[in-house]
Amino acid sequence: MQDKICRVVICGEEKEYDYGISFLEIATEYQPQYQDDIALVIFNYKLRELNKKLEMDGVLEFVTTADTKGRKAYRRSLLMLLEKAIFNLYKTDVRLCVMHTLGQGQYCELEGSPRISQEVLEQIRQEMSRLSEADLPIHKYSIHTDMAVARFQEYGMPDKAELFRFRRSSHVNLYEIEGFQDYFYGYMMPSTGYLKYFDLLEYENGFVLMYPYEDTKKVAEFRTSRKLYCTLMESAAWAKQMKISTIGELNEQIVRGRIQDIILLQEAEMEQRIGKLAEQIAEHKNKKFVMIAGPSSSGKTTFSHRLSIQLRAHGLVPHPIGMDNYYVDREKTPLDENGQYDFECLEAVDLSLFNSDMEKLLAGEQIELPHFNFKTGKREYKGECLQLGPEDVLVIEGIHGLNDRLLSTLPAETKFKIYISALTQINIDEHNAIPTTDGRLIRRIVRDAFHRGSSAERTIKMWQSVRRGEEKNIFPFQEHADVMFNSALIYELAVLKMYAEPLLFAIPRESPQHLQAKRLLKFLDYFLQVPSEDVGRNSILREFIGGSCFQV
């Protein structure tokens with residue numbers, strides 16, 4: 001077997017390598033051709049870690065830290081380096097809690113002694129640097145699930161033990177750095193020597209582990225939103241109060257037959273928050289424009305309906321307006337860098353007409369509302385007129401709602417801005433956060449399939465373009481909001497699982513979107529399935545799975 005040769009196609013060129021050579025050795029040969037570090041490889045349509053060995057002929061592609069998959073592997077590995085450094089310094093006296101993504105960093109807190117300070121962070125930073133310079137291998141090995149449960153109970157990590165108790169797989173992959181073991185969701189870098197670029201910044205009650213971003217060899221600048229942080233912490237506190245901070249705890253509640261109560265409690269809690277928002281708006285009689293903006297699949301449409309109902313309960317007369325109706329005619333839509341229509345840029349909206357109509361309404365004049373025909377790509381008028389009375393308020397929903405170029409000529413005191421997003425409250429475990437983007441992507445896959453006739457493959461293919469639009473048109477303005485609203489439901493992924501899995505399994509193995517589908521399927525496998533019958537017809541979740549009383 002040692003003399004066997006494997007033929008590998010790399011960048012269109014066929015090469016021969018000895019059977020059993022590691023992908024790391026091949027990557028080292030090609031690294032000089034890449035500006036960014038090679039983090040992983042794709043071999044025969046499967047994502048592989050560099051420590052894996054070549055054992056057959058195939059096609060090989062390199063994944064660098066500039067790629068989303070490589071970037072995640074780097075960040076995941078850096079979290080384990082942080083955990084290892086804390087263990088080396090404080091043993092079991094300190095417990096690391098990985099919480100939320102803030103900008104290009106991960107917000108963390110420490111439980112135990114010592115408390116966070118600049119001195120403590122400098123000690124941890126120095127130990128992380130020492131471990132990185134030592135270039136220690138990050139080993140991966142598989143153990144039986146029952147053994148993993150027992151081991152993490154022994155380590156004082158009940159969150160991981162509970163997670164694995166509900167796993168169908170008989171084995172679990174663990175990672176190890178110099179005898180220190182932990183479980184991580186996703187692939188890792190081959191050694192600590194790759195983990196050179198990071199920083200630790202004290203923030204609020206914890207600290208932020210900062211990563212590189214566009215420049216993969218330079219730590220990104222720390223930019224975050226105080227309002228976002230507070231919204232995330234409020235959601236985390238509610239999850240902790242419910243005793244559902246992790247997937248394992250959610251699964252335990254499902255097993256105990258408490259899911260109906262959880263659904264009712266979550267929906268009641270959300271309705272209470274929407275009611276408080278409506279009360280806040282109603283208290284200010286000069287608020288005539290309620291602007292709602294947020295990234296894809298945040299539930300903006302259902303939220304606007306529910307907010308409108310609450311506004312009516314406070315004596316106001318809300319009028320929903322979709323900014324999509326103010327699109328310019330399709331042939332006038334700007335093009336992106338790929339020559340495709342850029343429907344998410346601000347210039348895709350007829351700003352002049354929109355601002356003019358809103359000015360007339362505020363002045364008490366009557367206007368005729370436009371309707372955009374998505375089939376013809378033209379704006380139409382159907383005789384629907386509107387004039388504002390003393391109790392009337394406009395509820396305007398669209399991705400650019402927080403941009404100051406909208407309603408720029410109107411007094412600030414007439415506007416109330418709401419940023420809405422699905423900010424996941426629960427984590428996989430204390431060291432593995434659930435990316436908010438994954439929750440929104442799963443929502444969108446289900447919605448696009450059942451309401452727009454679009455396959456999961458197409459939705460995933462478009463996702464990076466959607467994300468780029470969010471980074472450009474939504475996230476920079478989120479701090480402009482008067483209020484941030486979290487639309488995530490603590491139980492939703494357990495319900496979405498039954499809808500999303502068949503759609504993801506339908507993506508063929510040879511598709512470029514198969515790797516993403518496989519990753520999401522593995523993620524959904526953590527959840528016990530929950531039927532949708534108990535989900536209320538006014539729930540934001542109905543916007544995606546169907547059956548909404550708002551017919552969205």
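Predicted model: local features only at pLDDT ≥ 70, side-chain atom pairs only at ≥ 80, totals over all residues.
The structure holds 33 salt bridges. One of the salt bridges joins D37 and K217, whose closest N and O atoms are 3.8 Å apart.

- D37 lies in the loop between α1 (23–30) and β3 (38–43), while K217 lies in the loop between β12 (206–210) and α6 (226–241), so the pair ties together parts that are 180 residues apart in sequence.
- D37 is buried, because its relative accessible area of 17% falls under the 20% limit.
- K217, in contrast, counts as partly exposed at 38% relative accessibility.

**Salt bridge K84–E178**

- A salt bridge also links the side chains of K84 and E178, with an N to O distance of 3.6 Å.
- K84 belongs to helix α2 (residues 68–90) and E178 to the loop between β9 (171–177) and β10 (180–182); the pair therefore ties together parts that are 94 residues apart in sequence.
- The relative accessible area of K84 is 4%, which makes this residue buried.
- E178 is partly exposed, with a value of 48%.

**Salt bridge R125–D199**

- R125 and D199 form a salt bridge in which the closest N and O atoms are 3.0 Å apart.
- Helix α3 (residues 118–133) contributes R125 and strand β11 (residues 199–203) contributes D199, so this pair ties together parts that are 74 residues apart in sequence.
- R125 counts as buried at 18% relative accessibility, whereas D199 is partly exposed at 24%.

**Salt-bridge network**

**Positive surface patch**

- K46, K52, R509, K518 and K522 form a positive surface patch.
- Among them, K522 is placed in helix α14 (residues 514–524).

- S532 is found in the loop between α14 and α15 (542–545).
- With a relative accessible area of 10%, S532 is buried.
- Apart from neighbours within four places in sequence, S532 is in contact with V495, M498, Y499, R542 and I545.
- S532 and Q266 are 266 residues apart in sequence, and their C-alpha atoms are 14 Å apart in space.

Notes: Residues numbered from 1 in each chain as written. Heavy atoms only, no water. Patch = residues over 30% accessible without salt bridge, like charges linked within 9 Å, V, L, I, M, F, W, Y side chains within 5 Å. Areas by Shrake-Rupley, 256 points an atom, 1.4 Å probe, with all protein chains shown as cover. Salt bridge = Lys/Arg side-chain N within 4 Å of Asp/Glu carboxyl O. Lys, Arg positive; Asp, Glu negative; His and termini not counted. Charge placed at Lys NZ, Arg CZ, Asp CG, Glu CD. Helix = DSSP H or I, 4+ residues; strand = E, 2+ residues; numbered from the N terminus. Buried < 20%, exposed > 50% of the residue type's maximum accessible area, 1.4 Å probe, protein only. Contact = heavy atoms within 4.5 Å.
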